Every structure is written in C-alpha cells, then in structure tokens.
Amino acid sequence: MSSLAETYRNYYINPHHIIPLDFDTLQGVPDSHTWPQSDDLSTLDLGSNDESTTSVIPIIDFSDPNVSKLIGHACETWGAFQLINHNIPSSLIESAESEARKLFSLPTSEKRKALCLPSEVTGYGLVRLSQFFSQLLWQEGFTVMGSPVDHAKKLWPDDYERFCDVMVDFQEKLRALSDQLMLLILDYLGIPKEEMKWLGSNSGPERAIAALRMNSYPPCPDPTRTIGIAPHTDTYFLTILHQTSKPTRGLQIHRDGFGWVSVNPVHGALVVNVGDLLHIVSNGRFHSVLHRAVVNKTHHRLSLAYVYGPPMTYQLVPSLAKRDDDDPPVYPSLKAKDYVTTKEKHFTGTLSVLKLQG
Ligand SMILES: O=C(O)CCC(=O)C(=O)O
Ligand SMILES: [Fe+2]
C-alpha cells in the first residue's frame, strides 16, 4: 500500500463526488453541472477553431545550457512553463494518449467497473478536488500509481496488458524527468541535493510519490455554463502534463495582472506546473500556479497529468531556500503529509493558513 493512499484513507469522499456524469446519454448541461455564469468564462470563444499555437508561458529547451536558470525564472514568475526536448519519446506519449482514449471511449457501465473507491486514490472517477465544490465537473478521470493491472483486468479481462505496459513505461520516464527537473531546481534554489536523498530512488518507502491522472473532457453542448476542472493549485512538487493538440483552449492559468491565460498546446512540449509543496520548499519564491480546465463544443479533450512530490514523511524546510542570510522563512517546517491533510480541510486556503506572520 502506498503512503499516499494511507494519507488519504481517513478522508472519505461522498460517491456523488466520484461518479462522473453518464456522457453517453446526455441531452444538455444538467443543473448539477451548471456553474454560476462568470464573465471570464462567457467572454471566451470556447467553440472556436483557434489554431494559435503561441505560448504565453515560457517555452524552455531542456538541452539549453542555462536550463536551471530558465526553469527557476519561469517558476518564480508564471509557476509554469512548457518543456521541449525533454527526451520522453513522442511515440510513447502518443501511445499513452491513445490508450487513455481507448479507456474513456468504453461505455459508462464498463468504466464504472473500475470505479475509484471512496477511500482510495486510483481508478475511474471525478478528480478528487470535486469534493470541495457543490456543483459537479464536466470531467471524468482515471488515476494510476504504478501498474494499473487490477483495474485494467476489470475493464478488459482478456486484453489488459498493453494498457498496463504503456502506462508503466510512461510513468517510469516521467519519474526520471521529474527527478532531473528537481535536481535543476535545487541547484537554482541553492538547496544541497543531499537534502532530498530519495531523489532518483526507484523503490522502497523513501521514494518520491507520484500518480498519473488521465483527464477526459467530452464535448459540451454549452461550454460557458460548466467547467472541466475548477480553479485550484496542485498539491505536490511538480505536475507534468501532456494535453491533446486540439482544442487549443482547455488548460488555463491565472496570473495577477494578466487574468486567465490559455496554455496552448505546443507540438512535442510537456507543460510543467509548480505545486504547493514546491512553493513551500522554495520559501515562497516559486509560484504555486492557480489553474483550471475549460471545456468546448466540438473536441473530446484529454490531458495526462503526472503529479510528483516527496515521500509523505519528508520534512519540508523552507529556510533552506535563502536568497540571502536575512531572508526569513515564510512557512514553518512541516512534513509533506501534514500539508496534504491540512489541504483536505482548507483546500486553496491552505497556504495562507500556514503562512508565518512576518
Ligand atoms: O486538463 C488539464 O489541462 C488540467 C488538469 C489538472 O489541472 C489536473 O489534473 O490537476
Ligand atoms: Fe491541476
């Protein structure tokens, strides 16, 4: 049993917030999925065939000699960037996307055979943050941690191996990339890598926790009335995300002074987001980016989000990331699992609850 599952075990989620809408029999947007109209959703041209592939957030080449500085700067400003030349083969990413599409194309009754249990983390269901909102999301997801064989056997009793092999291979490559990114980030922040001895370890309890969440957003008859994933920050160190090339509008991030900005898919790029635990470890220097996913009328959008963080027992020590000796800690030192359980109560307010008064 993973310690992430143990950490969440006491936080039982009402099945109402787990079971996605039956998109097979859908007529319109039901009241349960209707969100208050907000100006920023309705002014977007969500059904458009906008082919723009420019990126507002930085595009960083992983082979650039200055990569550590470029990443550090992007994390301090946007809290997100798009990474190219990351060494994850495009054939593997395409296979992962097509296996995920195969899963979400199953009839609803089949997908529900692999439903995530209320006290578990893996399986089919709405994204976990659904529990914090009274309205439901135009979304369905499937989370795996390591081999998804138990759930895959329920979906395809005689034909589960390819799905499992692709998902395991994809997670291994994403773990190696995340470890590399963390080493560059530690270097930028001046934190000795010995502080995170578990980096690069492939087994045992002292290993980074990680999960791959596949998100599916079926086309929606009225995209301005609902939302795919409501605004949130990710909890762990980093999220590495692959999104389908169409539609161009889906993932949006928020930055003060800019408002909501679309993260357009860039061919071959993976989106990297800073999460709350990295914000804490950086002593507030890195921006834990607020983001959301909007839906559209014509395309069935998918995203594959790999969330990665320290072992749950890891003690976060913000005071290590000092710009200079006078830089006081902005957060107390605390264990990763204590942050995770506090977020189960306070959701997006957690960082301000913990912030030291200075
Ligand atoms: O689908 C997306 O682009 C966003 C997904 C996301 O924010 C998440 O899974 O945490
Ligand atoms: Fe997210």
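Predicted model: local features only at pLDDT ≥ 70, side-chain atom pairs only at ≥ 80, totals over all residues.
Local features are described at pLDDT of at least 70 and side-chain atom pairs count only at pLDDT 80 or more, while totals for chains, interfaces and linings use all residues. Residues are numbered from 1 along each chain as its sequence is written, and chains are lettered from A and ligands numbered from 1 in the order in which they are written.

Let us start with two helices. Helices here are DSSP runs (H or I, at least four residues), strands are runs of E with at least two, and both are numbered from the N terminus. Two packed helices are described by the angle between their axes and the distance between the axes. Helix α3 (residues 67-77) and helix α7 (residues 161-189) have axes that come within 9 Å and cross at roughly 80°. The axes are lines fitted to C-alpha atoms, for helices over the stretch in contact, and the angles run from 0 to 180 degrees between N-to-C directions. The two helices are therefore roughly perpendicular to each other, a label for 65 to 115 degrees; angles under 35 count as roughly parallel, over 145 as roughly antiparallel and the rest as oblique.

Where do they meet? On the α3 side, V67, S68, K69, I71 and G72 take part, and on the α7 side L181, L184, I185, D187 and Y188. A contact here means that two C-beta atoms, placed from the backbone, lie within 7 Å. These residues divide into 6 nonpolar, 2 polar and 2 charged, where Ala, Val, Leu, Ile, Met, Phe, Trp, Tyr, Cys and Pro count as nonpolar, Asp, Glu, Lys and Arg as charged, and the others, Gly among them, as polar.

Helix α7 also holds F170. F170 is buried, because 24 other C-beta atoms lie within 10 Å; the cut-off for buried is 20 or more within 10 Å, for exposed 12 or fewer, with partly exposed in between, all with C-beta atoms placed from the backbone. Leaving aside neighbours within four places in sequence, F170 is in contact with L92, A96 and L212.

Next comes a stretch with a label from a record. An unreviewed UniProt entry annotates residues 207-310 as "domain: Fe2OG dioxygenase"; UniProt positions are given in the numbering used here, feature names are shortened, and annotations may be inferred rather than shown by experiment. Over residues 207-310 the chain is 6% helix and 43% strand, with the end C-alpha atoms 7 Å apart.

Now look at ligand 1. It is surrounded by 13 residues, the closest being N215, L251, A293, S303 and A305; a residue is near a molecule or strand if its C-beta atom, placed from the backbone, lies within 6 Å of it. The strands β5 (209-217), β7 (238-243), β11 (291-293) and β12 (301-309) each supply at least two residues of this shell. By class, the shell has 6 nonpolar, 5 polar and 2 charged residues.

P247 sits in the loop between β7 and β8 (251-255), and a cis peptide bond with omega about 0° joins K246 and P247. N283, in the loop between α8 (276-281) and β11, has a positive phi of about 55° although it is not a glycine. N283 is buried, with 22 other C-beta atoms within 10 Å, and touches P318, S319, A321, D327, P329 and V330, not counting residues up to four places away in sequence. F347 lies in the loop between α9 (336-346) and α10 (350-354), also with a positive phi, near 50°. F347 counts as partly exposed because 15 other C-beta atoms lie within 10 Å.
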